[in-house]
Amino acid sequence: MKNRLLIIGASGHGKVVADIALKMNKWLSIAFLDNNESIKSSMGLEVIGKSADALKYIEDYDIFVAIGNNATREKIQEKLEVAGASIPVLVHPNVVIGTEVELRIGTVIMAGVVINSSTRIGKGCIINTGSTIDHDNVIEDYVHISPGANLAGNVKVGKGSWIGIGSAVSNNINITNGCKVGAGSVVVKDITESGTYVGVPVRKID
Ligand SMILES: CC(=O)SCCNC(=O)CCNC(=O)[C@H](O)C(C)(C)COP(=O)(O)OP(=O)(O)OC[C@H]1O[C@@H](n2cnc3c(N)ncnc32)[C@H](O)[C@@H]1OP(=O)(O)O
């Protein structure tokens, strides 16, 4: 761990990530990188360069990718990992995390989340505000669980999938990689084909 933190992405998601990092009180200073040159600072934290500059900072900074798009976040984080960057896990102080829960690098756990026992969360995941992930889940790399989504026990979510705001996934369900599950949708059967699914229960629209 380094004593400075660099957050890639200074927009909405980046701000929530920075707020969590500030509350963790582990870093002496926190700054952003962002490709939008018009953003000079965000939340009182300076923007010191563009995303492409990240490799210049890997000796002195922990680096966290705060980009909401799963594929873009994966691309940037994988490049940083290959270059040997130190990539933290960010956990808001007000979460409940059970026994034998594994969280991998580049993942952020936002306020009000509950993760129950024996669940594994992969690299670069966003576990967004007030979502719940119950026991024995496997959340693969670069997944986004949106605010207020509820996953029952023994759920598996494949790499790069996005579970929409306020959606629900029944117990013992597998959702394959590269899926989008729409806002407020309910998944009661396995999803075995990548695509976009909406409704109660979900139907494939794309
Ligand atoms: C902190 C944060 O902000 S985190 C971000 C949280 N945001 C979310 O969770 C958003 C999740 N996204 C959605 O639900 C989106 O609607 C998606 C990804 C499912 C689909 O988006 P698109 O591919 O652009 O689909 P589009 O908007 O064109 O809709 C296609 C059809 O599906 C319907 N539809 C779209 N989303 C839903 C939904 N969640 N539930 C039911 N029907 C839906 C539309 O009404 C439309 O129907 P129509 O053809 O009869 O008019």
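## Burial and overall form

Of the 206 residues in the protein chain, 40% are buried; a residue is called buried if 20 or more other C-beta atoms lie within 10 Å of its own, exposed if 12 or fewer, and partly exposed in between, with C-beta atoms placed from the backbone. This is a predicted model, in which local features need pLDDT of at least 70 and side-chain atom pairs count only at pLDDT 80 or more, while totals for chains, interfaces and linings use all residues. Residues are numbered from 1 along each chain as its sequence is written.

The protein chain contains two helices and 24 strands; these are DSSP runs numbered from the N terminus, helices being H or I with at least four residues and strands E with at least two. Its radius of gyration is 17 Å, close to the 17 Å that the globule rule gives for 206 residues, so the chain is as compact as a globular protein of that length. The radius is taken over C-alpha atoms, and the rule is 2.2 Å times the number of residues to the power 0.38. The C-alpha trace spans about 45 × 35 × 30 Å along its principal axes.

## Positions listed by UniProt

Under "binding site", an unreviewed UniProt entry lists Ser11, Gly12, His13 and Gly68. Although these positions span 58 residues in sequence, no two of their C-alpha atoms are more than 9.6 Å apart, so they gather at one spot. UniProt positions are given in the numbering used here, feature names are shortened, and annotations may be inferred rather than shown by experiment.

Ser11 lies in the loop between strand 1 (4-8) and helix 1 (12-24). It counts as partly exposed because it has 15 C-beta neighbours inside 10 Å. Gly68 is placed in the loop between strand 5 (61-65) and helix 2 (70-82), and with 17 C-beta neighbours inside 10 Å Gly68 counts as partly exposed.

## The surroundings of Gly112

Gly112 is found in the loop between strand 9 (108-109) and strand 10 (114-115). Because Gly112 has 16 C-beta neighbours inside 10 Å, it counts as partly exposed.

Which residues are in contact with Gly112, leaving aside its neighbours within four places in sequence? They are Asn94, Val95, Thr129 and Gly130, where contact requires C-beta atoms, placed from the backbone, to lie within 7 Å. The C-alpha atoms of Gly112 and Ser131 are separated by 7.3 Å, with the two residues 19 apart along the chain.

Definitions and conventions:
Two residues are in contact if their C-beta atoms, placed from the backbone, lie within 7 Å.
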